[in-house]
Amino acid sequence: MADDFKTLTGVSPLITNERLNESLTKWFGEETTFTHWEYVGDTGKGDSYLSELIRIKIYGLNSNKESKHVQCVLKSIPKNVSRRLTFRSNEFFYNEISFYEKVLPELSKFRASKSANEPFDKCPKLLFSYVDGVHDVICLEDESIYDYGGAVRQEGIDYDHAKLSFKVLARFHAISFAMKDQKPDEFERIRKELLETYYHERLWDWYSKFWDRLRFIAIDAVEKEYPNSIYSEKVKEFAVPEIYKKMVDAATNTLDTGVISHGDCWTNNFLYKYVDSRPVDAKIIDFQLTRCASPVLDVSFFVYACTTRELRDKHYDELIDYYYDVLSQEIRSLGSDPDKIYPKSLFMEEIKKYSYFGLGFSFESTPFIVLAPEDAVSMEMESEEKLNIDDFWQVKPFKTKETRLREANNVVHCVDRGYI
């Protein structure tokens, strides 16, 4: 066996064999000694922009010399200094590791104390994580062994996928509502463990040049597909530098109705289980943008990042109602009264007030979503210096009518609904 497979320090020097012994022992519930690891495969190009990902199996021996293994996704901070600095990778890893080590365990503990019908097991299990800002790593059980996989991100998801996604989001959000209601001090403590990694006033200089590129791409799409219309007028009014500050306000100043949110609800961050080609369950991955904010930020971004105009025309109101029905039922099953802590009327007020957030965020996600894997941005950087993200993420205006409409129809929906 090659020596390279007897240690994972080549991925991160923080993953010592001693730490692997501890992690495997905790995972299997018995003394287990790390022996070697095996490469399973990469994830697809364009599936992760802020991390390096590989699928591996980690093997060990118990006290009876029986072989044990766990298959996992090993997510490590980029080794290239320029990439790490340009994308502030250390902040995103800090946030996700805080979620898995400090926030999710407390949410799970609170939920387990209740007599709710079914456990919330919709996030991958953590094997280990280590952070020092330079060699950060997080290792999660690989959900593909349970037949969970991603949808095709280039295509808008259908009704069944959307309904499952809203169900898992609603159940996740409900835990926060109930915990905040019943154990406010404990909830306040865990929400402070999270760092706003994307929409904060300190990040304007980092994001402003790229935002200029994105807003002009959005305007171009609407003007070409809906020329001389109310939609082209509205997108010009909306897609201005000041909107970023408004999105900052939504992300950082909605604590009254704030829940632990996912923060990045695009297609790549949901995994689905299929029976006879139909999705029957969903899980959420990638909590690097997790924050405490109104649940409508997750809901609205999911709507504009993942659904098509056809789906919204047929099912938008139904899906929004379904999300709230699941949320309220789950809050009630956890011992709180949704009519008091987050009534339907307040939810609908926030849908109208904050859906602009999902539209604004979709200006970034849509150009990446519609890219075919072979066209996805390469994350290789030759420089060792921090660059501006706009110098690197040089996305271009949409090439086809179909892709322009994916963006423009989001604007149409927001205008028709009176959200912008």
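The model is predicted, so local features need pLDDT of at least 70 and side-chain atom pairs count only at pLDDT 80 or more, while totals for chains, interfaces and linings use all residues. Residues are numbered from 1 along each chain as its sequence is written, and side-chain values use heavy atoms, with hydrogens and water left out.

Helices (H or I, at least four residues) and strands (E, at least two) are DSSP runs numbered from the N terminus, and two strands pair if DSSP finds at least two bridges between them. An open sheet is built from five strands in the order β1-β2-β3-β5-β4, with antiparallel pairing. Its edges are formed by β1 (32-42) and β4 (126-130), each of which pairs on one side only. Averaged over this sheet and with direction ignored, neighbouring strands are turned by 25 degrees against each other; axes here are lines fitted to C-alpha atoms, for helices over the stretch in contact, and angles run from 0 to 180 degrees between N-to-C directions.

Within this sheet, valine 137 of β5 stands opposite serine 76 and is also the bridge partner of tyrosine 130. The hairpin of β4 and β5 has six residues between the strands, and glycine 133 there takes a positive phi near 90 degrees. Four of the five residues of β4 are buried, so this strand is largely enclosed by the rest of the structure; buried means under 20% relative accessible area, exposed over 50%, and partly exposed in between (1.4 Å probe, protein chains only).

A second open sheet, also antiparallel in its pairing, has three strands in the order β6-β8-β9. Its edge strands are β6 (148-149) and β9 (278-284), each with a single partner strand, so one side of each is left without a neighbour in the sheet. Tyrosine 148 has lysine 273 in β8 as its bridge partner.

| Strand pair | Sense | Bridges |
|---|---|---|
| β3 (67-76) and β5 (137-141) | antiparallel | five bridges |
| β4 and β5 | antiparallel | four bridges |
| β6 and β8 (270-275) | antiparallel | two bridges |

Contact means heavy atoms within 4.5 Å. Helix α1 (residues 17-28) lies across β1, β2 (52-62), β3, β4 and β5, and runs at about 90 degrees to β1. Helix α3 (residues 89-112) touches β3, β4 and β5 as it packs on the sheet, its direction making about 45 degrees with that of β5. Serine 89, which lies in α3, counts as buried because its relative accessibility is 1%. Apart from residues up to four places away in sequence, serine 89 touches Leu50, Ile77, Pro78, Arg83 and Arg84; its C-alpha atom is separated by 7.4 Å from that of proline 78, 11 residues apart along the chain.

Helix α12 (residues 344-369) bends by about 45 degrees at lysine 353, the bend being the angle between axes fitted to the seven residues ending there and the seven starting there. Of the 26 residues of α12, 19 are buried.

A nonpolar core is a set of buried Ala, Val, Leu, Ile, Met, Phe, Trp, Tyr and Cys residues joined through side-chain atoms within 4.5 Å. The largest core has 111 residues, among which Tyr199, Tyr207 and Phe363 touch the most other members. Helix α4 (residues 159-182) supplies its largest share, 12 residues. A second, separate core of 19 residues includes Ile15, Val70, Cys72 and Leu74.
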